[in-house]
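Please read the following briefing alongside the sequence and the coordinates.

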Amino acid sequence: MALLEVNHVKKVYTTRFGGARVTALQDVSFAVEEGEYVAVMGESGSGKTTLLNILASLDRPTQGDVLLNGKDLNHIPERSLAAFRRRHLGFVFQDFNLLDSFSLQDNIFLPLVLSGKKYEEMNERLQPIARELGITELLAKYPYEVSGGQKQRAAIARAIITEPALILADEPTGALDSKSSDDLLDVFARLNANGQTIIMVTHSTAAASRAGRVLFIKDGMVYDQLYRGSAGNDEMYARIASVQTRLAVGGGRHE
Ligand SMILES: Nc1ncnc2c1ncn2[C@@H]1O[C@H](COP(=O)(O)OP(=O)(O)OP(=O)(O)O)[C@@H](O)[C@H]1O
């Protein structure tokens, strides 16, 4: 059984007064196995954020279903969704989403605090993660006292401290300079090498070239997929660029 199954997902937004309808996703199906690292690419407006929100159980599809570990997200009652997300998913956002009035350590503890964990357990989990991410010395600092790259590492610590089945990252390198982006992508690669499943929405060809598979979304459909196979990052980069060119000029889909 795949870790994540997305079956014929369609999403139509209807404006508040029943006016214009926008089909953000037409018919999206794919599966993600445990341990995969999948990048999702597509032009602005192609439906990436809509898809990520549905995978995150932050929004429900108009049609179709999403199964995480065989559990249909549509069947989780609204009141249990926040706890479900905390237990199974880790989030990394472009703008870090750290609370400014909390130290990095308290930001990282937040999902565990919400799950009612004791300080000793939180601290025991934190120390190896902070070491791995190189932020041990920064834990007492506040988000405004550290760099973007350091903020993003704290955000990753917060995402993985709950040991989620799946990390969902939305443009995680979007606000970082190229050195910090490379560092973040190294962290993702290491997490993935240790078995962490990651889905990352990105506009960056360099970021996507580090993933094991790239899914291209166009007009609310999966337009193409690239599997890394034995390709190195440079070859992957070139292959992604070539699909992007085909996407931009409106060439036929690869089936
Ligand atoms: N809440 C909403 N109500 C109505 N239409 C929406 C809503 N959210 C998104 N859309 C529309 O759905 C389509 C897909 O949007 P989405 O944000 O998923 O694209 P995207 O690929 O993430 O774009 P970007 O790369 O710019 O973030 C767009 O046409 C967008 O205008």
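## Briefing on the predicted model

Of the 255 residues in the protein, 39% are buried. The model is a predicted one, and its secondary structure consists of 8 helices and 10 strands. The points below are grouped by topic.

**Overall dimensions and contacts**

- The radius of gyration of the protein is 18 Å, which agrees with the compact-globule expectation, because a compact globule with 255 residues would have a value near 18 Å.
- When contacts between residues at least 6 apart in sequence are considered, 72% of them join residues that are at least 24 apart.

**Nonpolar core**

- In soluble globular proteins, nonpolar side chains tend to be buried together.
- In this model the largest nonpolar core has 66 residues, and those with the most contacts inside it are Ala39, Val40, Ala157, Leu168, Ile199, Met200 and Val214.
- Helix H5, which covers residues 148–160, provides the largest share of this core, with 6 residues.
- Once residues up to four places away in sequence are left out of the count, Ala39 touches Met200, Thr202, Ala207, Ala208, Ala211 and Val214.

**Ligand surroundings**

- The residues that surround the ligand are Tyr13, Val22, Ala24, Gly42, Ser44, Gly45, Ser46, Gly47, Lys48, Thr49 and Thr50.
- Sorted by class, this shell around the ligand holds 3 nonpolar, 7 polar and 1 charged residues.
- Strand S2 (21–32) and helix H1 (48–55) each contribute at least two residues to the shell, and the largest share, 3 residues, comes from H1.

**The loop residue Ala231**

- Ala231 is located in the loop that lies between strand S10 (221–227) and helix H8 (233–249).
- Ala231 counts as partly exposed because it has 14 C-beta neighbours inside 10 Å, a count that falls between the limit of 12 or fewer for exposed residues and that of 20 or more for buried ones.
- If its neighbours within four places in sequence are set aside, Ala231 is in contact with Met236 and Arg239.
- Ala231 and Leu184 are 47 residues apart along the chain, and a distance of 21 Å separates their C-alpha atoms.

Terms used. Residues are numbered from 1 along each chain as its sequence is written. This is a predicted model: local features need pLDDT of at least 70, side-chain atom pairs count only at pLDDT 80 or more; totals for chains, interfaces and linings use all residues. A residue is near a molecule or strand if its C-beta atom, placed from the backbone, lies within 6 Å of it. Helices (H or I, at least four residues) and strands (E, at least two) are DSSP runs, numbered from the N terminus. Ala, Val, Leu, Ile, Met, Phe, Trp, Tyr, Cys and Pro count as nonpolar, Asp, Glu, Lys and Arg as charged, and the others, Gly among them, as polar. The radius of gyration is taken over C-alpha atoms; the globule rule is 2.2 Å times the number of residues to the power 0.38. Two residues are in contact if their C-beta atoms, placed from the backbone, lie within 7 Å. A nonpolar core is a set of buried Ala, Val, Leu, Ile, Met, Phe, Trp, Tyr and Cys residues joined through C-beta atoms within 7 Å.
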